[in-house]
Amino acid sequence: MNTILRKIAIFPVLVYQYLISPLFPGACRFSPTCSEYMKTAILKHGVFKGGWLGIKRIARCHPWGGHGHDPVP
């Protein structure tokens, strides 16, 4: 059951990575990218905690935010 929820939660990220992201130039401030971070966080920590970590990371992704290598805890 938990695996099914994770796959469902990751599906929108995959849609973004393969259909939307290629249409725009790369401008990510972090490594790994926010979408890859979200995917990894959900797989590692589960849908709720991983999703929350991904949302917090996306919220930090702005011109006055951080940059550089930021792995999933």
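User: How much of the protein chain is buried?
Analyst: Buried residues account for 27% of the 73 residues in the protein chain. Buried means under 20% relative accessible area, exposed means over 50%, and partly exposed lies in between, with a 1.4 Å probe and protein chains only. Please note that this is a predicted model, in which local features need pLDDT of at least 70 and side-chain atom pairs count only at pLDDT 80 or more, while totals for chains, interfaces and linings use all residues. Residues are numbered from 1 along each chain as its sequence is written, and side-chain values use heavy atoms, with hydrogens and water left out.

User: What about contacts between residues at least 6 apart in sequence?
Analyst: Of those contacts in the protein chain, 66% join residues at least 24 apart. Contact means heavy atoms within 4.5 Å.

User: Let's turn to α2. What is its span?
Analyst: Helix α2 covers residues 34-45, which makes twelve residues, and reaches 16 Å from its first C-alpha to its last, close to the 16 Å expected at 1.5 Å a residue. The expected span of a helix is 1.5 Å times one less than its number of residues.

User: Which residues of α2 are buried, and what do they pack against?
Analyst: C34, S35, Y37, M38, K39, A41 and I42 are buried in α2. The buried residues of this helix pack against α1 (2-20) and α3 (47-60). Just after α2, G46 takes a positive phi of about 100°.

User: Is K39 buried or exposed?
Analyst: K39 is buried, with a relative accessible area of 17%. Its side chain meets that of E36 in a salt bridge (3.5 Å, N to O). A salt bridge is a side-chain nitrogen of Lys or Arg within 4 Å of a carboxyl oxygen of Asp or Glu. K39 and E36 are three residues apart in helix α2, and therefore separated by about one helical turn. E36 counts as partly exposed, at 30% relative accessibility.

User: Why can such side chains pair?
Analyst: Side chains of opposite charge can pair when their charged atoms come close.

User: How many salt bridges are there?
Analyst: By this rule the count comes to three salt bridges. One of them joins R57 and D70, with the closest N and O atoms 3.6 Å apart. R57 lies in helix α3 and D70 in the segment after β2, so this pair ties together parts that are 13 residues apart in sequence. R57 counts as buried at 0% relative accessibility, and D70 as buried at 18%.

User: What does R60 do there?
Analyst: R60 also forms a salt bridge with D70, the closest N and O atoms being 2.3 Å apart. Salt bridges that share partners join R57, R60 and D70 into one network. R60 counts as partly exposed, at 34% relative accessibility.

User: Back to α3: which residues are buried, and which are exposed on the other side?
Analyst: In α3, G50, G51, L53, G54 and R57 are buried. They cover an arc of only 160° around the axis, which puts them on the same side of α3. The arc is that of the directions from the helix axis to the C-beta atoms. On the other side of α3, F48, K49, W52 and A59 are exposed. The buried residues of α3 pack against β1 (30-31) and α2.

User: Finally, where is P71?
Analyst: P71 is found in the segment after β2 (68-69). Leaving aside its neighbours within four places in sequence, P71 is in contact with P32 and Y37.

Technical notes:
Helices (H or I, at least four residues) and strands (E, at least two) are DSSP runs, numbered from the N terminus.
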